[in-house]
Amino acid sequence: MPRLLASALSLRRDPRLLKLPPYLSLLCIVVGVVWLFLLPLDDYSRRTYISENALLPGQVHTYFGGSDQNVFRAYKHETDELADKGNIEVNDKLESIAKGLGLKVGRQNFTYSSAGNTHSGQNMYAILQAPRGDATEAIVLVAAWKNVKGELNRSGIPLVLTLARYFKRWSLWSKDIIFLFTPDSIAGPQAWVDAYHDAHDSSRVASLPLKSGALQGAIALDFARETRFKSVHIVYDGVNGQLPNLDLINSVNHVAGGQMGMGVAIQEMWKHSTSYHDRLQTMLRGMLKQGLGLASGPHSSFIPYHVDAVTLQPFGDGWQDEMAIGRVIEGTFRSLNNLLEHLHQSFFFYLLMQRDRFVSIGTYLPSAMLVAANFTIMAIALWVKSGQPEVQEVITEKTKTAEEAEKIAVPNPHVAVERDLNLPLVVVAVCHVLSVVPLYLFNHLSESALIPAFVLFSVLSAILPFLLSNLLHTSTTSTTTQQYNLIQSFSLLLLGMFLSSLATLNFSLAFLVGVFSAPLTFVRPCPNSPVLKVLSMIVLYVLSPTTVVLVASVLPGLDEKVGYGLGEVLKQAAFAWDVTGTYTPVVVWCVWWPAWIAGVVSVLGRPEAAGEKKVKKA
Amino acid sequence: MRRFFPSFLLSLLSLLCFSPYAVVANPSTTSADSTSVSDSRSDYHEQLILRPLPLSALLASFNFRSNTSLSAFEAHNFRFFPRSLGQILQHAGTRELHLRFSLGRWDAESWGARPWNGAREGGTGVEMWAWLEAETDEEADHKWLTLTNALSGLFCASLNFIDSTRTTRPVMSFQPEGNHIDANATNMHLLYGVLPHEVVCTENLTPFLKLLPCKGKAGIASLLDGHKLFDSSWQTMAIDIRPVCPEDGECVLQIEQSIDMVLDIDRSKRPRDNPIPRPPPAHEMKCNTSKPYNAHDTCFPADSAANQDWSISQIFGRPIKGACPLTDPTVSPVCIQVPDSRVVFASEGAIEKKNPDQTSRCFDFPAENDFEIFLPAPDGSVEVVVDQLVNKPETPLLYAERSFTGHGQERGGVQTILRNPSPDQEVEFIYMESLPWFMRIYLHTISVRVDGQPGKADDSLIHEVYYRPAVDRARGTQLEVRMTVPPASTVFLTYDFEKSILRYTEYPPDANRGFDVAAAIITILNKDQSVGNSRFAAYNLRTTTLLCNLPTPDFSMPYNVIIFTSTAIALAFGGMFNILVRRFVAANEGPENGLKKGVNKLKAKLAGVLKKTKKGGDKKQGSIFAAAEEVTTEKTE
């Protein structure tokens, strides 16, 4: 032990030690990224399984069908008649049908404003009170009038009505069933769930006139197509990358894939060959969606309230009819009805590779953590370095003897240099304070002003480092290498801290930001090598937050041929911030952007040697 | 159903000869309210009141009442009063007892006012309150414990779980129903306990029926069957024991047992061997033919709730097996509350008595024959107004709905929405909550807000608050609020609470389900108490129970934490301790260590062993000699 300590202490003073961190950081990044690519292999992912035994998915006979199809057709005619009608008229009709079934009906108005647009509407919901139960628990069946793409939920609405009529006949429900009809897929459900938990802003969202018990689960149906289908697509991403309990997805999987014999797809992988390539693609798509943190369907708003929810979307051409998806919902509801406890057994943090393979948090988290740790390692290294006397790398005066030069070159490691903290702290703080500007701008401007604002901001953000750098250089107390080291150290320390905490909440976002900002670890002030400087600048500007946002908005989406366009992306981001409370903009503008500014400032830095400074002063 | 209807009717006709529109004989007391204060001298009577409700529901109120004179009771002379219960009451010094077993919820919006004005019902689960005779609080607690434990055995319910944390002593909400000579004396203790999570089922019904004089073999009790009772949308079983002293005559001890249930007619009519509600064949569906798209494969369902036909044996699975021979013949055993315009068929030998109020009629029938009632569906061709089929439900004095607000595992809130439907009468009532100790309420957050005046708390509506704070693990919170709701307005009563963290072992096996919070009890005060009306409460209602989610640990976590912390402490402590107690010296100064030291030790040992084996023989002899010498010295001394 003592020897070990002694050797460790001597190692501390070893100048070679300070050469190590960049390689260690690089190793962290490489291992982190490679780790991620290993996950789809059989050895690292696991087959899914049902943890909560009470669910018993696919163990019951489902009886939905027969003459219920006649009722469905009738309700479909009613829905078709309402296709062009206004929200209120639609709700009037739905309410009359629901009341005719003997359900309790409530309505709720909401108005959100985002990017200068007003999103308002009226939710209608009907409560089927558990025949023998008390109002302690409830499960929700959501049908949005329009799905995320804006298509009319032409088969979904009548199917939910038919199911309501069918469920009413059963006496076995232990929980209330709430049928929720919302005018759109994001704002409506959000308003309803907020109000259900009394977490709403009553000036924008009305309170609910009628309530039931604690929500135990929710299924949303997005069934816009009118023809027969082949498989069902499970959408499970919640707001801010939160996910529903894996047991819920597994139950739907069991009921749809096992009992009903239809295919199940996730993450818009319409065809999945269980190969490494497909698994990786599924996982990366999932990570991208999780990282963006946007609401992906009516179910998304439920998840932040610890209500597990998924959206079912039938797709593909096959022979399954509406009754089949009705039976899937029936089977899933029977499973949820069995629940004695809130879903808690299975995983809440996972990456799905295919419908029945997943990676749990213990396996994937090191990947993002390693990427985040590289910043911390470098930050510590720079801190240590800043505490040591500077090395005069270039010795210009040849008059000095070799001995003298050696003396200067190998500084006495036992002498600690006092750190000048004020300037670096101010610079990093200014970067972070400035980050409020884009956050405020992009979430409060009106839609038409968004693109000009973004262009203007991009230009300013590109110029800002030069301005800052000039300011640092020309100011009366010019900046030393130590101070540049400290600027980088603080900035990287913050980045590492934020990203490693974020990794536990939203793994994908932390990983993506970590990878994009990885060059920040390696850039240094290089006043004497213009090539290196230009190279670093190019890399940093290519991977700047503004460039990434711009490129991402014009790149084609997952299933589209063309990108959404910058205006649309900014509008969506503002909408997500205002309505669903997505915090991705905070991470981009308040974590990544300041770190990037600090990085570019240090690349542009023209540090003065401490000696020079003294001379100047003298 | 429609297809089978004629054959069913024929078979009924052949079995029983119907006597529609029998002459009004004797309009006796039949409505729910008037029976409760009827003749207290008759020893036993029973009555079933059937009231069809809107949305194809049927309320069946069973009421059984028997009396025994106090002197006979004290002399252990039981006739109609159940001996098992009587002895428990005597043993525990109980003066008045109320016991409730309830399930489901009353849908006041569609069914209107509650039966018995809510006086015979409890919140979900088991509820019980009693006036005990005791000198001190401790004695009362002891007697309460005796009583709950004895009743727990008698009714197969977990009443013994009503411990001090679930017991409260309400101050304002309850008044004795019976006539007590010393009603306000200090030796009368009111204790109230509630078990919201208790599931009421058949095992509670059987002992209930055993207390009846006719046991469930004859009379209206023969309809009580666990399958039907516990399939109802709402049901409550009540036992009330109270002393009643008529103005002229001896005091009697009265036991009143009642069962109220709301049956879903559709569901009850399903045959027991085929209870699955499969979709009916398409040609049996009732369709709304006025829709333009109506076709053989498209059917907009017509409102099926309107025209329902039913009979007692369809609903309950069997007819009434004759009247109970012990019952008071002056009280009709079966009454049905439908408008006089509706046709009601009864079996042969029954006498129909119509009430003058045109909304109800009663039937007397002999003990020998089965009794059956059949209500045919009105003419399907005409659009029938619901009012002609069922009596218009009475509007209750108050609607109440309680729910949780907020989310998360740290804090929460309770919001009760109280709506007064009356256009001109304000409602004064007592709102009582008995909350578990782990819901710590913030009393200062209690506020009342009238709907339509957002953000403005109106504390003038609260007149009186009685609050007894919880003590951790010892007693629950008790909150009683006397307040009013102005006419035709909705009032929000809200308060916040904090969720406490339980100890690891205090969680139930299904910890993630949440914890049931008992129903709030709302007692609407009787305004004209002076006018000879001795009833304290005009109307009672209970909210639904709530499910409170407490912070629940992942129960595999403690194990992980223990292992992790132990490892961390072992490493940290071990290293630190080592560094602290070790003295560091230069290698050459210190004692020899390592391999060299071991080798030296081994050498020394080997040398020792060699020496020993050499000397082995002599040593043995020597020792013997030594022992002998010792012995000799002892002897010489």
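## A Strand Pair in Chain A

In this predicted model, A:Ala143 stands opposite A:Phe181, a residue of strand 5 of chain A. Strand 5 covers residues 176-182 of chain A and is joined by 7 bridges to strand 4, which covers residues 137-144. Strands 4 and 5 of chain A run parallel to each other.

## Two Domains of Chain A

Chain A is divided into two domains. Domain 1 consists of the segments 2-38, 364-393 and 404-617, whereas domain 2 consists of residues 71-355. Taken over C-alpha atoms, the centres of domain 1 and domain 2 of chain A are separated by 42 Å.

The domains of chain A also touch: 25 residues of domain 1 are in contact with 24 residues of domain 2. On the domain 1 side, at least two residues each are supplied by helix 14 (447-474), helix 16 (507-516) and helix 19 (566-580) of chain A. Helix 19 of chain A gives the largest share of this side, with 8 residues. By class, the domain 1 side has 13 nonpolar, 8 polar and 4 charged residues.

## A Residue of Helix 15

Helix 15 of chain A comprises residues 481-505, and A:Ser501 is found in this helix. Is A:Ser501 buried or exposed? A:Ser501 is exposed, because 11 other C-beta atoms lie within 10 Å, and a residue counts as exposed if that number is 12 or fewer.

A:Ser501 and A:Met369 are 132 residues apart along the chain.

## The Contact Between Chains A and B

Chain A is in contact with chain B through 39 residues of chain A and 44 residues of chain B. On the chain B side, the elements that give two or more residues are strand 3 (94-104), strand 15 (399-405) and strand 25 (546-548) of chain B. The residues of this chain B side divide into 18 nonpolar, 14 polar and 12 charged.

Conventions. Residues numbered from 1 in each chain as written. Chains lettered and ligands numbered in written order. Predicted model: local features only at pLDDT ≥ 70, side-chain atom pairs only at ≥ 80, totals over all residues. Helix = DSSP H or I, 4+ residues; strand = E, 2+ residues; numbered from the N terminus. Buried ≥ 20, exposed ≤ 12 C-beta atoms within 10 Å, placed from the backbone. Contact = placed C-beta atoms within 7 Å. Nonpolar A, V, L, I, M, F, W, Y, C, P; charged D, E, K, R; others polar. Domains from an automatic or database assignment. Pairing = 2+ DSSP bridges.
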